[in-house]
Amino acid sequence: MSTLLAGGCLCGAVRYQCSVDPVWSGNCHCRDCQRISGGGYTSTFFVPEDSVAITGEVKYYEKNGDSGHPVRRGFCPTCGSQVFGKPEIIPGVLGIRAGSLDNPELYQPAMDIYTASAQSWDFMNPDLLKFAQLPPK
Ligand SMILES: [Zn+2]
Ligand SMILES: [Zn+2]
């Protein structure tokens with residue numbers, strides 16, 4: 001049985017839950033992720049979009065990523081927390097920020113991506129796969 005993955009934003013207005021195994025998990029060190037997180041990278045796991053139940057208003061900001069494809073990043077309009085990510089390059093999946101989980105220990109990153117733009121002060125787990133940009137399909 002899959003683990004319940006539940007969480008939400010800082011103020012609690014946005015909540016989500018699903019109970020499927022993530023299809024992909026990883027840390028993205030692209031400049032856009034650094035800017036939206038205010039940190040060195042974002043930690044995100046992806047699940048089928050139709051498996052997630054979301055409550056509360058989510059606002060999406062869209063920008064083309066380094067891949068040239070649009071990425072929509074969802075946040076709570078009240079507290080500003082980044083909760084979701086929807087890269088159009090992988091349709092049908094919803095990215096969820098690992099730090100928003102009620103139990104963030106459930107997050108198991110498989111790799112670091114866009115390491116070419118990682119910061120020198122950002123120490124990466126040497127045991128994880130590394131890709132300079134996107135992993136090959
Ligand atoms: Zn909030
Ligand atoms: Zn990124």
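Reader: In which strand is I113 found?

Author: I113 is found in strand β10. A strand here is a DSSP run of E with at least two residues, while a helix is a run of H or I with at least four, and both are numbered from the N terminus. This is a predicted model, in which local features need pLDDT of at least 70 and side-chain atom pairs count only at pLDDT 80 or more, while totals for chains, interfaces and linings use all residues. Residues are numbered from 1 along each chain as its sequence is written, and chains are lettered from A and ligands numbered from 1 in the order in which they are written.

Reader: Why does I113 count as buried?

Author: I113 has 25 C-beta neighbours inside 10 Å, so I113 counts as buried. Of the 137 residues of the chain, 33% count as buried.

Reader: Which residues is I113 in contact with, leaving aside its neighbours within four places in sequence?

Author: They are G26, C28, H29, F131, L134 and P135. In contact means that the C-beta atoms, placed from the backbone, lie within 7 Å. I113 and C30 are 83 residues apart along the chain, and their C-alpha atoms are separated by 7.7 Å. For the chain, 53% of the contacts between residues at least 6 apart in sequence join residues at least 24 apart.

Reader: What makes β10 and β11 a pair?

Author: Strand β10 (residues 111-113) and β11 are joined by two bridges, in the parallel sense. Two strands pair if DSSP finds at least two bridges between them, so these two qualify. Within this pair, D112 stands opposite K130 in β11.

Reader: What is the order of the eight strands in the open sheet?

Author: The order is β6-β7-β8-β9-β4-β3-β10-β11, with mixed pairing. β6 (59-64) and β11 (129-130) stand at the edges with a single partner strand each, so one side of each has no neighbour in the sheet.

Reader: Which strands form the open sheet of three?

Author: They are β1-β2-β5, in that order, with antiparallel pairing. The edge strands, β1 (5-8) and β5 (53-55), each pair on one side only. β1 and β2 (residues 15-18) are linked by four bridges, and L5 stands opposite C18 in β2. Altogether, the chain has one helix and eleven strands.

Reader: Which residues touch the most other members of the largest nonpolar core?

Author: Among its 16 residues, they are F45, V47, C76, V83, L94 and I96. A nonpolar core is a set of buried Ala, Val, Leu, Ile, Met, Phe, Trp, Tyr and Cys residues joined through C-beta atoms within 7 Å. β2, β4 (42-48), β8 (82-87) and β9 (93-97) each supply at least two residues of this core, and β9 gives the largest share, three residues. A second, separate core of six residues includes C28, C33, Y41 and I113.

Reader: Why does the radius of gyration of the chain agree with a compact globule?

Author: A compact globule of 137 residues would have a value near 14 Å, and the chain has 14 Å, so the two agree. The radius is taken over C-alpha atoms, and the globule rule is 2.2 Å times the number of residues to the power 0.38. Along its principal axes, the C-alpha trace spans about 35 × 35 × 30 Å.

Notes:
A residue is buried if 20 or more other C-beta atoms lie within 10 Å of its own, exposed if 12 or fewer, and partly exposed in between; C-beta atoms are placed from the backbone. Two residues are in contact if their C-beta atoms, placed from the backbone, lie within 7 Å.
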